[in-house]
Amino acid sequence: MSAPRLAGLRVIDEDDTDDAHGTRPEDRGVERALEYGLVLLDKPPGPTSHEVVAWTKRILGLPKIGHSGTLDPQVSGVLPLGLGEATKALGVLLLGPKEYHALGRVHGESARPLEEAIGLFTAEIYQKPPQRSAVSRRTRTRTIHEMELLERRGQLALLRITCEAGTYIRKLLYDMGEIMGSGATMVELRRTRVDHFEESTCGLVTMHELADAHARWREDGDASRLMAMVRPVEDALAGIKSAVIRDSAVDAMCHGAQLAVPGVLRVSPNLHSGDTVGIYTQKGEAVALATAMMGAQEIDDATRGHAFRTSRIIMKPGTYPKQWRTRAGEGAGEGGGGQG
């Protein structure tokens, strides 16, 4: 196994990989990196997330870019952007927590202290999205994992909040104000973490920095700064479990086939049925997202059957050669060459 990101997996079987097909993520050239890339943008306050995506498309000259988790216009901070085929992996980041630093204002005297409200709301809460939101206004539950009062100056309070994706922080502060009896509103908000990408360690870039790096590549042929800003799409999958497959099963998966047991080489040792899994080539390239239909021990013991159900294809078909034939009920890893 050549990819460091896939170290520590449970070995099901061994096979060789053909270097004539595919490319290790760390060896991708600039064009390929932009096709399967991830940019961790430091969104400024002012533009909408949609506007930021549109501007980034123009900067990089790409037809397809997506973002993970909308930020309101006045909110700043971590906004992961998927470039090209990497847009298909962004949904994984919604599975993890998000962290915000919120500056709120408490109005007047409170019947309950702020510290008590923080304790009450650090739990699973009911929340109805505000009127100006992109989703239907129905009450749903969201989990507040942590809430910490960092600083208090008069009526202003700075909070660090770690929560489930889809939590409306402005509404959270409003509801806390209602419980306190004084009312409260949000003054300023910054997102500091999306899943495993934390502001202090993930290397955020601004749109100006991205534009300068892209211009330097186009005008001078120096792609070093741009390549330092574009991360491989595989980094987005670091928070979920993994499976490595044979070269002969790759193209079948890229055409939507389910992954059969004979096509599996390695899996996360703590894999369970129902887990969301990143499927990789032996070179460490992301092929697809899938749902495990067997646990690690079941896959090790089985000789046939579908081990994973494909949910989202990331790699373009044709990246690896076709080594399969279509037959009813067959999956990647079964049939034409899939068993290596």
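Q: How many helices and strands make up the secondary structure of the protein chain?
A: This is a predicted model, in which local features need pLDDT of at least 70, side-chain atom pairs count only at pLDDT 80 or more, and totals for chains, interfaces and linings use all residues. Helices (H or I, at least four residues) and strands (E, at least two) are DSSP runs, numbered from the N terminus. Counted that way, the protein chain has 8 helices and 17 strands.

Q: What percentage of the 340 residues in the protein chain is buried?
A: The C-alpha atoms fill a box of roughly 75 × 55 × 35 Å, taken along the principal axes. "Buried" here means under 20% relative accessible area, against over 50% for exposed and partly exposed in between, with a 1.4 Å probe and protein chains only. Of the 340 residues, the buried share is 50%.

Q: In β17, which residue is the bridge partner of Ala260?
A: Strand β13 is joined to β17 (residues 306-313) by 2 bridges, and the two run antiparallel. Within β17, Ala260 has as its bridge partner His306.

Q: Which residue of β8 stands opposite Ile144?
A: Strand β8 pairs with β7 in the antiparallel sense over 8 bridges. The two form a hairpin with 2 residues between them, and Gly154 in the turn has a positive phi of about 60°. Another strand, β5, is joined to β8 by 8 bridges, also antiparallel, with Lys98 opposite Cys163. The residue of β8 that stands opposite Ile144 is Cys163.

Q: Why is β8 described as largely enclosed by the rest of the structure?
A: Strand β8 covers residues 156-163. It is largely enclosed because, of its 8 residues, the number buried is 6.

Q: Within what arc do the buried residues of α3 fall, seen down its axis?
A: Helix α3 (residues 114-121) has Leu114, Ala117, Ile118 and Phe121 buried. They line one face of the helix, because the directions from the helix axis to their C-beta atoms fall within a limited arc. On that face, they pack (contact means heavy atoms within 4.5 Å) against β6 (124-127), β7 (140-153), β8 and α4. The arc is 105°.

Q: Which element gives the largest share of the lining of the largest cavity?
A: On a 1 Å grid over the protein atoms alone, a cavity is a set of points where a 1.4 Å probe fits but cannot get out, and lining residues have an atom within 4 Å of a point. Grid points are joined across faces, edges and corners, and a volume is the space filled by probe spheres set on the points. The largest cavity, of about 80 Å³, has lining residues including Leu114, Leu159 and Met176. The largest share of its lining, 4 residues, comes from α4.

Q: How many charged residues are in the lining of the second largest cavity?
A: This cavity holds about 50 Å³ of space and is lined by Thr23, Arg28, Arg32, Tyr36, Glu234, Glu285, Ala286 and Met315. Ala, Val, Leu, Ile, Met, Phe, Trp, Tyr, Cys and Pro count as nonpolar, Asp, Glu, Lys and Arg as charged, and the others, Gly among them, as polar. The lining of the largest cavity has 8 nonpolar, 2 polar and 1 charged residues. For the second largest cavity, the classes are 3 nonpolar, 1 polar and, for charged residues, 4.

Q: What is the relative accessible area of Asp195?
A: Asp195 is found in the loop between β9 (184-194) and β10 (197-198). Although Asp195 is not a glycine, its phi is positive, at about 55°. Asp195 is buried, with a relative accessible area of 12%.

Q: How far apart in space are Ala292 and Ala243, C-alpha to C-alpha?
A: Ala292 lies in strand β16 (residues 286-292) and is buried, with a relative accessible area of 3%. Among the residues that Ala292 touches are Leu271, Val277 and Phe308. Ala292 and Ala243 are 49 residues apart in sequence, and their C-alpha separation in space is 9.6 Å.

Note on methods: Residues numbered from 1 in each chain as written. Heavy atoms only, no water. 1 Å grid on protein atoms, 1.4 Å probe; cavity = no way out; pocket = protein on both sides within 12 Å on 5 of 7 lines; lining within 4 Å. Pairing = 2+ DSSP bridges. Lists of a residue's contacts leave out its neighbours within four places in sequence.
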